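Good morning, colleagues, and thank you for the time.

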Amino acid sequence: MTETEGTLIDCHCHLADKDFKDDVDQVVADAKEKGVVAALVVGTCASEFQRVIDLADRYPDFILPCFGVHPVQGALTEEQRCVTIEDLDEAIPWIEKYHKRLGAIGEVGLDFQPRICKTRHDKEVQKQVLIRQIDLADKYNLPLNVHSRSSGRPTIALLREQGASRVLLHAFDGKASVAREGAMEGYYFSVPPSVIRSEQKQKMVKELPLESLLLETDSPALGPDKEERNVPGNIILSCDYIASAKKLETSEVCKLTTQNALRLFPRLSKLIVK
């Protein structure tokens with residue numbers, strides 16, 4: 001068996017989320033039992049970063065931490081708002097301190113939902129925050145783990161304009177044709193378990209070559225059942241769906257998506273190569 005056969009990598013999840021506060025040990029154990037060998041745990045704001053690092057310390061053979069400033073802030077207090085430059089300024093010292101441990105700068109991106117992004121100024125601030133984080137990724141030679149809700153085309157355009165080349169667009173919710181444009185730039189797209197109930201994500205899987213696909217859960221969101229907490233162990237559902245859509249064996253999709261993940265996130269190698 002090669003080093004990447006029989007392995008599943010969750011390229012985007014939120015194990016630092018409060019939903020996992022009481023049972024994260026069991027969640028990680030269950031994921032490992034189901035063949036998940038590594039998870040990129042993303043932070044979304046400075047106040048979350050310590051928990052991400054604590055988890056990486058707790059599971060050094062499983063978790064690769066990522067720090068970024070999400071375009072929507074306030075999720076931890078359930079008072080969501082558009083990001084500000086001050087949010088980024090608070091996060092930068094953390095990124096500078098821990099950059100040698102990070103797997104990516106993320107979760108970053110744009111979110112143009114009208115309930116969050118209410119003015120042209122909000123859009124411009126989001127773009128400036130993303131541009132500065134693209135610069136940080138370049139400075140520290142790290143890939144980007146990117147959110148693009150209701151902003152698929154503008155996000156890809158901005159990444160292209162800024163010269164970003166190592167990019168994961170997670171849980172992309174735009175048109176399959178727009179995803180194809182991103183894939184032509186060399187960007188990767190990760191598929192969550194919600195693909196089994198999402199016609200939009202099914203179209204994206206059909207449109208993109210396997211060379212552009214990764215696996216994710218976005219736990220605790222985007223599970224197979226919208227009403228239930230998602231967990232990294234559900235990532236096999238993404239793999240199975242892609243295999244069915246591409247008429248391949250699940251083991252082949254597992255191997256190829258893992259190889260893709262190692263190309264984009266080279267620091268994963270210390271977790272999965274024995």
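Let us begin with a pair of residues: Asn145 stands opposite Leu168 in strand 8. Please keep in mind throughout that this is a predicted model.

Strand 8 spans residues 167-170, and three bridges join strand 7 to strand 8 in a parallel arrangement. Between these two strands the chain passes through helix 5, residues 152-161, and this β-α-β crossover is right-handed.

Strand 7 itself covers residues 144-149 and is mostly covered, with five of its six residues buried. It also pairs with strand 6: five bridges join strand 6 to strand 7, and the two run parallel. From strand 6 the chain reaches strand 7 by way of helix 4, residues 120-139, and this β-α-β crossover is likewise described as right-handed.

Next, a residue of strand 6. Asp111 belongs to strand 6, which comprises residues 104-111, and Asp111 stands opposite Arg149 in strand 7. Is Asp111 buried or exposed? Asp111 is buried, because its relative accessible area is 0%, and the cut-off for a buried residue is under 20%. The side chain of Asp111 makes a polar contact of 2.9 Å with the side chain of Gln113. Beyond its neighbours within four places in sequence, Asp111 is in contact with Pro71, Val72, Cys117, Gln126, His147, Arg149 and Ser151.

I now turn to the annotated positions. Which residues does UniProt list for "binding site" in one annotation of an unreviewed entry? The record lists His12, His14, Glu107 and Asp218. These residues are spread over 207 residues of sequence, yet they cluster in space, with a largest C-alpha distance of 10.8 Å. The lining of the largest pocket takes in His12, His14, Glu107 and Asp218 from this set.

Two members of this set deserve a description. His14 is located in the loop between strand 1, residues 8-13, and helix 1, residues 24-33. With a relative accessible area of 11%, His14 is buried. Not counting residues up to four places away in sequence, His14 touches Phe20, Val42, Thr44, Glu107, Asp218, Ser219 and Pro220.

Glu107 lies in strand 6. Glu107 is buried as well, its relative accessible area being 2%. A polar contact of 3.2 Å joins the side chain of Glu107 to that of His14. When neighbours within four places in sequence are left aside, the contacts of Glu107 include His12, Val42, Phe67, His70, Asn145, His147 and His170. Asn145 is the residue with which we opened, opposite Leu168.

His147 is found in strand 7 and, at 4% relative accessibility, counts as buried. Apart from neighbours within four places in sequence, His147 is in contact with residues including Pro71, Glu107, Asp111, Thr155 and His170.

His170 lies in strand 8 and is buried, with a relative accessible area of 5%. Its side chain forms a polar contact of 3.4 Å with the side chain of His12. Among the residues that His170 touches, not counting those up to four places away in sequence, are His12, Glu107, Asn145, His147, Ser190, Glu216 and Asp218.

Finally, a residue of another kind of setting. Met184 is part of helix 6, residues 176-184. Is Met184 buried or exposed? Met184 is exposed, because its relative accessible area is 68%, and the cut-off for exposed is over 50%. Met184 and Leu208 are 24 residues apart in sequence, and their C-alpha atoms are 9.6 Å apart in space.

Thank you for your attention.

Key: Residues numbered from 1 in each chain as written. Predicted model: local features only at pLDDT ≥ 70, side-chain atom pairs only at ≥ 80, totals over all residues. Heavy atoms only, no water. Helix = DSSP H or I, 4+ residues; strand = E, 2+ residues; numbered from the N terminus. Buried < 20%, exposed > 50% of the residue type's maximum accessible area, 1.4 Å probe, protein only. Polar contact = N/O pair within 3.5 Å; in protein donor to acceptor, adjacent residues only side chain to side chain. Contact = heavy atoms within 4.5 Å. Pairing = 2+ DSSP bridges. Right-handed = clockwise from strand over helix to strand, strands pointing away. UniProt positions renumbered as here; feature names shortened; annotations may be inferred. 1 Å grid on protein atoms, 1.4 Å probe; cavity = no way out; pocket = protein on both sides within 12 Å on 5 of 7 lines; lining within 4 Å.
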